[in-house]
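Please look over the sequence and the model together before reading on. The paragraphs below go from a pocket to the helices and then to the sheet.

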Amino acid sequence: MTPDEIEAAMFAAFNRCDVASCPLTDAQKQILLQVVEQIQGNSPSGTSNIANPLDELTPEELEAFLQFVKDEEQRNRTWKVQLLNDWLLENDSGTVQFIRQRYGLQWLNRVESCHFDKYYYFEDALKLRVGDRIEVSNALWEWVQEDGPCQREWFPCMVIQVEEISDDSSTNCVVRFFNGAEYEIQGIYEWNRYNWRWPQK
């Protein structure tokens with residue numbers, strides 16, 4: 001089977017689970033897709049040839065760092081800005097003080113949003129903010145088929161609005177493409193998570 005045929009089969013399986021009233025969570029779907037891509041020899045995020053700075057941390061350091069990032073995002077603060085402010089003001093960074101002491105600014109500058117994708121248990125703790133650059137798939141606006149005229153492509157864009165909808169507990173996002181066109185993505189985390197990604201370096 002070709003990679004596109006396998007992906008189509010996976011999505012058909014996801015739909016059958018939905019019809020059978022046994023829907024998979026977004027995290028479960030992502031894990032399954034990543035495993036299939038790894039079996040095929042493809043990297044899950046297109047970054048296998050680029051060193052992931054998070055891989056340099058020990059398991060204990062990684063756990064502390066990911067928890068710090070998650071906590072900062074839940075407080076609606078940018079984790080990297082918080083660390084840099086601590087360093088500039090010579091404040092103690094608590095459980096992640098080791099980053100300044102052992103790894104430093106060069107390591108911190110190498111960490112990008114796409115590096116967190118490798119850690120599926122991180123559960124998309126990084127939330128989108130206005131001004132973030134992401135890539136969106138053409139599957140949002142056209143029927144993508146393995147052997148059809150339209151295949152999955154990724155387009156760079158910038159987030160210009162993020163709105164949480166309290167009625168159905170979902171989040172909508174408006175992006176602007178570099179040609180000036182704008183597009184609203186409904187359920188950016190809930191049901192459209194697989195149609196956007198952090199920029200691949």
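Which residues lie nearest the centre of the second largest pocket? They are T78, W79, S113, D132 and W198, which belong to a lining of 18 residues. The model is a predicted one, in which local features need pLDDT of at least 70 and side-chain atom pairs count only at pLDDT 80 or more, while totals for chains, interfaces and linings use all residues. Residues are numbered from 1 along each chain as its sequence is written, and side-chain values use heavy atoms, with hydrogens and water left out.

A pocket here is an open set of points on a 1 Å grid over the protein atoms alone, where a 1.4 Å probe fits and where protein lies on both sides within 12 Å along at least five of seven lines; its lining residues have an atom within 4 Å of a point. The space in the second largest pocket comes to about 430 Å³, a volume being the space filled by probe spheres set on the grid points. Its lining divides into 7 nonpolar, 3 polar and 8 charged residues, where Asp, Glu, Lys and Arg count as charged, Ala, Val, Leu, Ile, Met, Phe, Trp, Tyr, Cys and Pro as nonpolar, and the others, Gly among them, as polar. Helix 4, residues 79-88, gives the most to this lining, with 3 residues; helices (H or I, at least four residues) and strands (E, at least two) are DSSP runs numbered from the N terminus.

Helix 4 also packs on helix 3, and the axes of the two come within 9 Å and cross at roughly 105 degrees. That makes helix 3 roughly perpendicular to helix 4, a term that covers angles of 65 to 115 degrees. Axes are lines fitted to C-alpha atoms, for helices over the stretch in contact, and angles run from 0 to 180 degrees between N-to-C directions. From helix 3, F65, F68, V69, E72 and E73 meet W79, Q82 and L83 of helix 4, and this contact (heavy atoms within 4.5 Å) has 5 nonpolar, 1 polar and 2 charged residues.

Helix 3 (residues 59-74) packs against helix 5 (residues 97-110) as well, at an angle of about 75 degrees and with the axes 13 Å apart. Helix 3 and helix 5 are therefore roughly perpendicular to each other. E61, A64 and F65 of helix 3 make this contact with F98, I99, R102, Y103 and W107 of helix 5, and the residues divide into 6 nonpolar, no polar and 2 charged.

Strand 1 (residues 133-137) is joined to strand 2 (residues 154-165) by 5 bridges, with R133 opposite M158 and S137 opposite W154. Between strand 2 and strand 3 there are 8 bridges, and E164 stands opposite T171; their hairpin has 4 residues between the strands, and S169 takes a positive phi near 55 degrees. Strand 3 (residues 170-177) is joined to strand 4 by 4 bridges, V175 having Y183 as its bridge partner. These two strands also form a hairpin with 4 residues between them, where G180 in the turn has a positive phi of about 95 degrees.

Conventions:
Pairing = 2+ DSSP bridges. Parallel < 35°, antiparallel > 145°, perpendicular 65-115°, else oblique.
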